[in-house]
Amino acid sequence: MSGASTESVIVNISLGSSGRDYDKRVHFLERPFRLVRLGTDADVGRAQQLVAEWSGTAAAIALSTMAEGDSPGPSDVDAVSLQRLGAAARQTPVTDGSRLRDVLQEWAIRHAQVEVPGLFTNARVVVLSGLDNYRAANVLHEFTDNLRFADPLRRYGLPSILRSIPSLERFDSAVGWSANRVPRYVAELVTGPGRRLNRRILASALGDSDVVVASFPELLDLPSERLADKTIITSAISEHRLAELRKWGVLSVLDVAPQPFDVTVGIPVIEALMLASAGSSADALTEDDLLDMIGAADLQPRLLYPTGRRRKSRFAFVIHPLSREQIRNVAVMDLVGRVAPTPVMSAVEKAAAYTPPFVYSRVTGIRSATGDEAEGWLITVGGTPREMMSHSPEFTYRRLLAAAEIAKRSGAQIMGLGAFTKVVGDAGVTVAKRAPLSITTGNSYSASGALWALHDAIRRLGMAEVDDRGRLRGKAMVVGATGSIGSVCARLLALACDELWLVSPQTARLLALKEDIEREDHRAQIHVATSPDEHLGEMDAVVTATSGAGKRVLDIMKL
């Protein structure tokens, strides 16, 4: 079908500003349409009149709130107004976009999580209106527990931030019914004195967030500096508004409303186009129909980058004092250490091992050559290596799991185990199974880095022969071969040298590792030893992959 005589008219009657009105001709699902937007500047009576005028003439009517084109959902006041407007249409399908909005919100969030892996994982999310964005909040909850809702503060002027979906539901059940029946001027009079405090509470929540769910008018009411480096979930962002977000330093924008035309339209308009295309009422349009038309029209959510494509990741890293002397880095402990005898400091060292984990410092300013950024938190547990080794592994596990809870609340996507915390017990396996976020010991990176450095050193120094396939024509040794890093280095070096010595005091594990390597594809002749010293002078390359716990690992003079 083509030509002006066959086009259908979609009228968007909005309670928003008339300054954004348009009259455009577009094609949707291979049909021509005329899109007409009529804003009423919050005049509900005028909107009712327009609905009645276009009823029977338009193919479908889209009803929008004052935040039309930007808000993922209508406000409580506008919802009542939309019901009145819908009743004024007698012969024409009418929609406020709510059914399509639910589908698009969920799809957009899942799409973004795949497009940018980990975008919402354990993210700290502030939802300005959880009741308006209930579907989105439930989807986000699949990826993070760090949800905060500003409904009490924004809707009713109450100085409170809700921290879970159940608390939002309880609040709405207890307060919403009565609050919606209080005249607005009375509510504003009662809550007015606390607005300054409320703004501070909200500003603080925004400052500690990674993701903000809000309409554009809601964003305009927020301190713009608090939106820098944030991901914003909103709807129907125009080029003009994207430029505004760029000025604020917003990291990324998830626009849940697809934009198939050269004019920015809201979700109600898209659903009205679907109603007209299907020739059915809003009630007759099934979710299967919505899905079919989303696919046929190739509609896609938009992930926008106002300040350039980059990502920001969040980590936590566990540290601990490596010696009694490092405990004295704490000012109070240094004072005690100056005057206290050794037995007292020994008691302090033991007591420090029982202290709960805490955030030692926040790490910012990490930026790669591509512009991607990372921020993180150093979380300390109090035990020195001596104290960790004197307790059962479960003693350290409990403290690491408590540190993981702190990391999760802070918004970290992954937590690294540093120093002795990664060698206690089963080298992080138990902690990784029990922790509420991803755990890494860094051992894979350590093994990779060690062998890369070894290869580079051999090539640069020319002290050993390397064939055209990069294999060492000589002997190599791995000290600490039965550890997680050493065993990987051993398996790889077995493919790349003539002779390989595996060194570890753990004799049974050493024999098992030798047997395992020889069972696999290998090139080197494998030897085992509990000490490196006897054969150290014969080696062309040595990898040390042992913690050592303060002991001499090897006699460097024999090298």
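At what angle do helix H3 and helix H11 pack, and how far apart are their axes? The views below, taken from a predicted model, begin with this pair.

**View 1. Packing of helix H3 on helix H11.** Helix H3 (residues 98–115) packs with helix H11 (residues 267–278) at an angle of about 110°, and their axes are 8 Å apart. Angles of 65 to 115 degrees count as roughly perpendicular, so H3 is roughly perpendicular to H11. The crossing of the two helices, H3 and H11, is right-handed.

**View 2. Residues in the contact of H3 with H11.** H3 contributes Ser 98, Arg 99, Leu 100, Arg 101 and Leu 104. From H11 come Ile 267, Pro 268, Ile 270, Glu 271 and Met 274. Sorted by class, the contact of H3 with H11 has 6 nonpolar, 3 charged and 1 polar residues.

**View 3. The open sheet of 6 strands.** The strand order is S7-S6-S8-S9-S10-S11, with mixed pairing. At the edges stand strand S7 (147–149) and strand S11 (302–304); each has a single partner strand, so one side of each lacks a neighbour in the sheet. From one strand to the next, the twist averages 20°.

**View 4. Strand S6 beside S7, with helix H4 on the sheet.** Strand S6 (residues 125–127) and S7 run parallel and are joined by 3 bridges. Val 125 stands opposite Leu 147 in S7. Helix H4 (residues 134–141) packs on the sheet and touches S6, S7, strand S8 (211–213) and strand S9 (231–234). The direction of H4 makes about 160° with that of S7.

Key
Residues are numbered from 1 along each chain as its sequence is written. This is a predicted model: local features need pLDDT of at least 70, side-chain atom pairs count only at pLDDT 80 or more; totals for chains, interfaces and linings use all residues. Side-chain values use heavy atoms; hydrogens and water are left out. Axes are lines fitted to C-alpha atoms, for helices over the stretch in contact, and angles run from 0 to 180 degrees between N-to-C directions. Helices (H or I, at least four residues) and strands (E, at least two) are DSSP runs, numbered from the N terminus. Angles under 35 degrees count as roughly parallel, over 145 as roughly antiparallel, 65 to 115 as roughly perpendicular and the rest as oblique. A crossing is left-handed if the near helix is turned anticlockwise from the far one by less than a right angle, and right-handed if clockwise. Contact means heavy atoms within 4.5 Å. Ala, Val, Leu, Ile, Met, Phe, Trp, Tyr, Cys and Pro count as nonpolar, Asp, Glu, Lys and Arg as charged, and the others, Gly among them, as polar. Two strands pair if DSSP finds at least two bridges between them.
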